[in-house]
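The following note comments on one protein structure, point by point. Please read each point with the structure in view.

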Amino acid sequence: MRRAKQKAVSLALAGVLALAAAAGCSEKTGPSSASPVPSAPAPSTAPADPQPQALTGEITIYTSEPQDLITDLLEGFVAQNPGVSYQLFRSGSGAVISKIDAELETGSTEADVIWFADIGYMSQLDEKGLIRHYTPKRAGDIDPRFNYNDGMAWEVRQIFNIIAVNSLKCDTEVKDWQDLCKPELSGRFAMANPNYSGGSFTTLVGLVGTDGLGWELYEAMKANDMKFEQSNGNLQTKVASGEYAAVSVVDFMARNAAAEGSPVESVWPESGAVMVPTPVAILSTVKEENRAACEALLDYMLSPEAQALFVAQGYLPVDPAAGAPEGAPAVADIKTVALDIQDFTKNSGAIRDRFTQIFGE
């Protein structure tokens, strides 16, 4: 409007009068308002930087992790991503696998993320194209050995199967797996049932494949009236109470029992503990609208916040910068039995059959 008005004035007047009239009609905008008002710049055609969209989606997780510990982790993730919700199915590894298999028989599993102790089963899913390979953002900060099959699954913290003894009830020296066959521990030693517990099945695979142990160890433990519990949680409770003098259990549970004041001592077997793979994987069947949330969850599990939470929960982290829980040995000092993942995958069925032959259903 102003430029049109200036043009009209300049046609009515001449030379300097036209400039004077234009200056006189300018709006005052500050000390320099006596100067001619510049024409407005043309609108920019460059697109504005897009604002990051809030993460949304719903994640369904199937896991064998302790309910309270995984809930703490998931709540921390949701606190950072309030647009994401989750559904959780938690049971022993055997029950989780049975649920997945039953769902796959009818079409597709409802699980988006799986996290349990059976790397062999995950490898079988991967061979069927049911795993979505993914590399988390902080993968470069952890040891490559925690990356299974080029992004198929990732270890996010470490657990080991060891021996725990009740110092008030165990009246014999226990240094290694064979000591569990001593007559003094007859009927007073227990482990989780390998048909239910993935960690116990992994321990079975590791020990029967170790020279000097083998199936002879399990046959000797049966002869010594070894007991079975359904889960590691039961073992932690019953060795703490003194119902068992000794148990085979995952290391963080033994440490946590001691930290709570129970007379529980950790024994790292001289022939080797069993490092139990418990990786996290994303299924390829995840819905497109939930995929980014699933990937962000795996990213979060390797974040400094989550790694620190694992330490607080009693786990050894996969990121050394997070430290270690009180009472845990240095990872470099931990001796483990060899565990061949390919052999695990190939021979797990035959191992289960042999176990059933010895111990029954």
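1. The largest nonpolar core has 105 residues, and Ile59, Ile114, Leu180 and Tyr218 are the members that touch the most others. Helix H10, residues 288-301, contributes the most to this core, with 7 residues. The model is a predicted one. As background, nonpolar side chains tend to be buried together in soluble globular proteins.

2. Ile59 deserves a separate look. Setting aside residues up to four places away in sequence, Ile59 touches Phe77, Val84, Ser85, Tyr86, Gln87, Asp112, Val113, Ala293, Cys294 and Leu297.

3. The overall composition of the chain may be considered next. The protein chain holds 12 helices and 15 strands. Of its 361 residues, 48% are buried. The chain exposes about 17800 Å², of which carbon and sulfur atoms supply 51%. When contacts between residues at least 6 apart in sequence are taken, 73% of them join residues at least 24 apart.

4. Where does the largest share of the lining of the largest pocket come from? The pocket contains about 370 Å³ of space. It is lined by 23 residues, and those closest to its centre are Ser64, Pro66, Arg90, Asn232 and Met253. Helix H6 (198-208), helix H8 (232-241) and helix H9 (251-259) are the elements that each give two or more residues to the lining. The largest share, 3 residues, is that of H8. Divided by class, the lining comprises 12 polar, 8 nonpolar and 3 charged residues.

5. Empty space left among atoms is shown by rolling over them a probe the size of a water molecule. There are 2 cavities of 30 Å³ or more. The largest cavity holds about 40 Å³ of space, and its lining consists of Ile100, Leu104, Thr109, Leu125, Leu130, Leu283 and Thr285. In that lining, 5 residues are nonpolar, 2 are polar and none is charged.

6. The second largest cavity has a volume of about 30 Å³. Glu65, Leu69, Ile70, Leu73, Trp115, Phe310, Gln313 and Tyr315 line this cavity. Helix H3 (residues 67-80) supplies the largest share of the lining, 3 residues. By class, the lining has 6 nonpolar, 1 polar and 1 charged residues.

7. Is Leu339 buried, partly exposed or exposed? Leu339 counts as partly exposed because its relative accessibility is 22%, and the buried class requires a value under 20%. Leu339 is found in the loop between strand S15 (316-317) and helix H12 (341-359). Beyond its neighbours within four places in sequence, Leu339 is in contact with Thr202, Val205, Gly206, Met275, Pro277 and Phe344. From Leu339 to Thr210 the separation is 129 residues in sequence and 8.9 Å in space, C-alpha to C-alpha.

8. Asn149 has a positive phi of about 55° although it is not a glycine. Asn149 lies in the loop between strand S5 (147-148) and strand S6 (153-154). With a relative accessible area of 49%, Asn149 is partly exposed, since the exposed class begins over 50%. Asp225, also a residue other than glycine, has a positive phi near 60°. Asp225 is located in the loop between helix H7 (214-223) and strand S10 (227-229), and is partly exposed at a relative accessible area of 35%.

Terms used: Residues numbered from 1 in each chain as written. Predicted model: local features only at pLDDT ≥ 70, side-chain atom pairs only at ≥ 80, totals over all residues. Heavy atoms only, no water. Helix = DSSP H or I, 4+ residues; strand = E, 2+ residues; numbered from the N terminus. Buried < 20%, exposed > 50% of the residue type's maximum accessible area, 1.4 Å probe, protein only. Contact = heavy atoms within 4.5 Å. 1 Å grid on protein atoms, 1.4 Å probe; cavity = no way out; pocket = protein on both sides within 12 Å on 5 of 7 lines; lining within 4 Å. Points joined across faces, edges and corners; volume = space filled by probe spheres on them. Nonpolar A, V, L, I, M, F, W, Y, C, P; charged D, E, K, R; others polar. Core = buried A, V, L, I, M, F, W, Y, C linked by side-chain atoms within 4.5 Å. Areas by Shrake-Rupley, 256 points an atom, 1.4 Å probe, with all protein chains shown as cover.
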